[in-house]
Amino acid sequence: GLTRRYETITPELEARLEYELGVIRQTRYAGYFLIVWDFIDAARRMGIPVGPGRGSAAGSLVCYAIGITDIDPIRHQLLFERFLNPDRISMPDIDVDFCYEKRGQVIEYVARKYGRENVSQIITFGTMAARAVLKDVARVLEFPFAESNRISSLVPEEIGMTLQKALDEAPGFKELGRESELHAKLLQNALVLEGLNRNTGILAAGVLITPSPLIEHAPLYKSTKGDITVQFDMKMSEALGLLKMDFLGLRTLTVINKALDLIAETTGERLTAEEIPTDDETTYQLLQEGRTVGVFQLESSGMQELVRKMAHTRYDDITAICALYRPGPLGADMDKVYVECKHGRKKVEYKDPALEPILKDTYGVILYQEQVMKIASEMGGFTLGQADTLRKAMGKKKHDIMAELKVQFLDGAKEKGFDPRGAREIYEEMEVFAQYGCNKSPRAACALMAMQSAWRTAHHAGEFMAAPMSTLM
């Protein structure tokens, strides 16, 4: 696989491949990788579009070599430890995007290959949230429909809102129990029932594959529509050690494929998505003008404005914009610093010369989790596995682990000859940026699909507009 992907096999590539294979052997996950490879290979043989990679799997050279992903982890400086950490063993998680319309064919293939009695989708449970439980209880107590709506509308529409919180904070709702005995009864019952499971559904993407019939591992459930799932939800299934695969339907893949079919009709030449160039000047010109309606990830008005300010000149800029256009980085003005430094209006500064090779591509901004990991390795002497543990602790604000690793970082920096005061400042800066930083691997994959969408717009506007209209009709 490596010889198919690279013209020259360097000692660095061989060392990275051997290291990754060693970890996969040590963790006994080879079977997992082969099953994922199998259904992706089957999808391609059936002519079903497959995404270039999603999540941290794009950081694996093994995944790239065998065709699970299409993002070069070496070119994009992606880290295997962000995907599979030898210091903190956890199940690998390879999410795979398929054409929205043909995803079911891949699941059908898996059921045929591994046995229908061994393959199942996963149950989900809908719970009675604050507003919903009020409506359900009101219906049982025979409240008029309009009154039921009025009562539920008194609960503020906020994420994480509960009835108790509404009673404490929402002025109109506080008085509800005093309106009548029936209103008090409604509230009393709703408080008891809130949060309980109400109905079942099917997890959109998750598919379980077991080595022997499912009934030996989990109880099954049959819905009124005849769908069979396991009765354990995703978290419980994973805790039991059952193998969960994620088959995601991505409409963008359907649109890209449809556009390529239309282009073939009008030009007589059928390109594959992989053959679309990522260094095309006409495409960059289109991006610099912000003409990104319908372009994957770049079409919202806010994104269009940032695309124009960025004035893209390289693939890495699109990867960066996919990382910058999120509430955290925008709130911290990271996008403004990146743009100003890119255009030379602000000087790029590094707290230590050792940071330049790590932060050069993002103009001194710590934008990716991989950069946090590399700083911990370069300055603190961490292994990349330890650096991933630090990255996770910083991102989730696990203060006890952070305090322990801070001492290790400062000791390591001192041992490597770095100024202790400067090392402390850099560590504190990492703590701040780790909360905003994101995994670079999925952003690089998003950037690739954005480039493919933008190339179609730049060179085949008619086919480009027709494809989403036909797909979304």
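The legends below describe close-up views of a predicted model. Local features are given where pLDDT is at least 70, side-chain atom pairs count only at pLDDT 80 or more, and totals for chains, interfaces and linings use all residues. Residues are numbered from 1 along each chain as its sequence is written, and side-chain values use heavy atoms, with hydrogens and water left out.

**View 1. The open sheet of six strands.** The strands follow the order β1-β6-β3-β2-β5-β4 with mixed pairing, where strands are DSSP runs (E, at least two residues) numbered from the N terminus and two of them pair if DSSP finds at least two bridges between them. Because β1 (95-99) and β4 (220-222) stand at the edges with a single partner strand each, one side of each is left without a neighbour in the sheet. Neighbouring strands are turned by 50° against each other on average, direction ignored, with axes taken as lines fitted to C-alpha atoms, for helices over the stretch in contact, and angles running from 0 to 180 degrees between N-to-C directions.

**View 2. Strands β3 and β6 with helix α3.** Strand β3 (residues 197-209) and strand β6 (residues 243-250) run antiparallel and are joined by four bridges; Gly 206 has Asp 246 in β6 as its bridge partner. Helix α3 (residues 30-45) packs on the sheet, touching β1, β3 and β6, and its direction makes about 30° with that of β6. Helices here are DSSP runs of H or I with at least four residues, and contact means heavy atoms within 4.5 Å.

**View 3. The salt bridge of Asp 70 and Arg 5.** The two side chains meet at 2.8 Å, N to O, a salt bridge being a side-chain nitrogen of Lys or Arg within 4 Å of a carboxyl oxygen of Asp or Glu. Asp 70 lies in the loop between α4 (61-66) and β1 and Arg 5 in helix α1 (residues 2-5), so the pair ties together parts that are 65 residues apart in sequence. Asp 70 is buried at 18% relative accessible area, whereas Arg 5 is partly exposed at 29% (buried is under 20%, exposed over 50%, partly exposed in between; 1.4 Å probe, protein chains only).

**View 4. The salt bridge of Arg 198 and Asp 136.** The closest N and O atoms of this pair are 2.5 Å apart. Arg 198 belongs to strand β3 and Asp 136 to helix α6 (residues 130-140), so that distant parts of the chain, 62 residues apart, are linked. Arg 198 is partly exposed at 44% relative accessibility, while Asp 136 is buried at 13%.
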